[in-house]
Amino acid sequence: MGTPPPPHPPSPDNPAGKRAGAANEKNEDAQPAKEPKAPAKEPRAKARKTPRRATVALAVLLSLLALAGSVAAVVLAWRTKEAKEEAPPSPAPAQSDGYRVSYAKEPLRIQLACAAVLHLDLDEPRADAAESLADLRYESRCGTQPPQLSLGPGAAGGSRHASADTDAEGCDRAIRTSPLGQGLRLEVAKGTALCVLTAATPAELVLVEIVEVGGSGTAGLRATSWQMPRAR
């Protein structure tokens, strides 16, 4: 096959050729249309870190406060323990200068038949003791008569001038200034009290309180004893 002949350039006298050439020039000068861009995405708002940091800081602060409270509690407990260990022991009840408590508020229960006798040893103390060792003699009565108390052969002295609040010095003074003689009797009535000095070695100074009186010779006594100073 032969080579095709080149196209003839448009003739200036050919209007169709002119229009075709003008159209070709416009197409060459025209730029290709750009595709529309997708709308730009808005940047995400940065998460606020301030509240989270504040929460962490608050948690740390609370932990520190709790730790400080625990340390303070431990220190306080330790100091309290030291104070208790260093504090002197509390004195025994009804303790007086020179008098040592042998026993305190010891109950003695008495229950006898009509017209019976019971002997009390206040050195131990003991109810229903031997008569030769008795510091007190308890004698019940028949009918409406109240029981009676008197000093026994084991007592060195006594006094009815006493009360539930009388201490060792008060008992000692009452026995010296207002003694109860041998053979004298004291009616057993609730609320009354008497002091007794025993003849034992060392001697005991005893406060006897009558706390209860029942029928048929029953009674409730309470005794507190101090050991007499050896210098006396």
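Start with helix α3 and show what surrounds it: its buried residues pack against β6 (155-159), β8, β9 (204-213) and β10 (219-227). To see which residues do this, select Ala168, Gly170, Cys171, Asp172, Ala174 and Ile175, the buried ones in α3. Keep in mind as you go that this is a predicted model.

Stay on Cys171 and bring up Cys195. The two form a disulfide, with their sulfur atoms 2.0 Å apart. This pair links distant parts of the chain, 24 residues apart: Cys171 belongs to helix α3 (residues 168-177) and Cys195 to strand β8 (residues 193-198). Are these two cysteines buried or exposed? Cys171 is buried, at 0% relative accessible area, and Cys195 is also buried, at 0%. Look along the S-S bond of Cys171 and Cys195: its torsion is about -65°, so this disulfide is left-handed.

How many disulfides does a search of the whole structure find? It turns up two. For the other, select Cys114 and Cys142, which form a disulfide with sulfur atoms 1.4 Å apart. Cys114 sits in the loop between β1 (100-110) and β2 (117-121) and Cys142 in the loop between β4 (136-139) and β5 (148-151), so the bond ties together parts 28 residues apart in sequence. Here Cys114 is partly exposed, with 43% relative accessible area, and Cys142 is partly exposed too, at 38%. Count the bonded cysteines along the chain and the pattern reads 1-2, 3-4.

Most residues other than glycine have a negative phi, and most peptide bonds are trans. With that in mind, select Glu124 and Pro125: the peptide bond joining them is cis, with omega about 0°. Pro125 is in the loop between β2 and β3 (126-127). Then jump to Thr201 and Pro202, where there is another cis peptide bond, again with omega about 0°. Pro202 lies in the loop between β8 and β9.

Now for phi. Lys105, in strand β1, has a positive phi of about 55° although it is not a glycine. Its relative accessibility is 44%, so Lys105 counts as partly exposed. Asp128 also has a positive phi, near 60°, and lies in the loop between β3 and β4. With 58% relative accessibility, Asp128 counts as exposed.

Switch to a surface view and select Leu58, Leu61, Leu62 and Leu65. Together these leucines make a nonpolar surface patch of about 400 Å². Leu62 is in helix α2 (residues 50-86). An α-helix has 3.6 residues a turn, so residues three or four places apart point the same way.

For the last stop, color by pLDDT. The chain averages 79, and 69% of the residues score at least 70. Which element has the lowest mean pLDDT, and which the highest? Helix α1 (residues 15-29) has the lowest, at 48, while β8 has the highest, at 97. Where pLDDT is low, the predicted coordinates should not be read in detail.

Notes
Residues numbered from 1 in each chain as written. Predicted model: local features only at pLDDT ≥ 70, side-chain atom pairs only at ≥ 80, totals over all residues. Heavy atoms only, no water. Disulfide = S-S within 2.5 Å. Helix = DSSP H or I, 4+ residues; strand = E, 2+ residues; numbered from the N terminus. Buried < 20%, exposed > 50% of the residue type's maximum accessible area, 1.4 Å probe, protein only. Patch = residues over 30% accessible without salt bridge, like charges linked within 9 Å, V, L, I, M, F, W, Y side chains within 5 Å. Areas by Shrake-Rupley, 256 points an atom, 1.4 Å probe, with all protein chains shown as cover. Salt bridge = Lys/Arg side-chain N within 4 Å of Asp/Glu carboxyl O. pLDDT = per-residue confidence, 0-100. Contact = heavy atoms within 4.5 Å.
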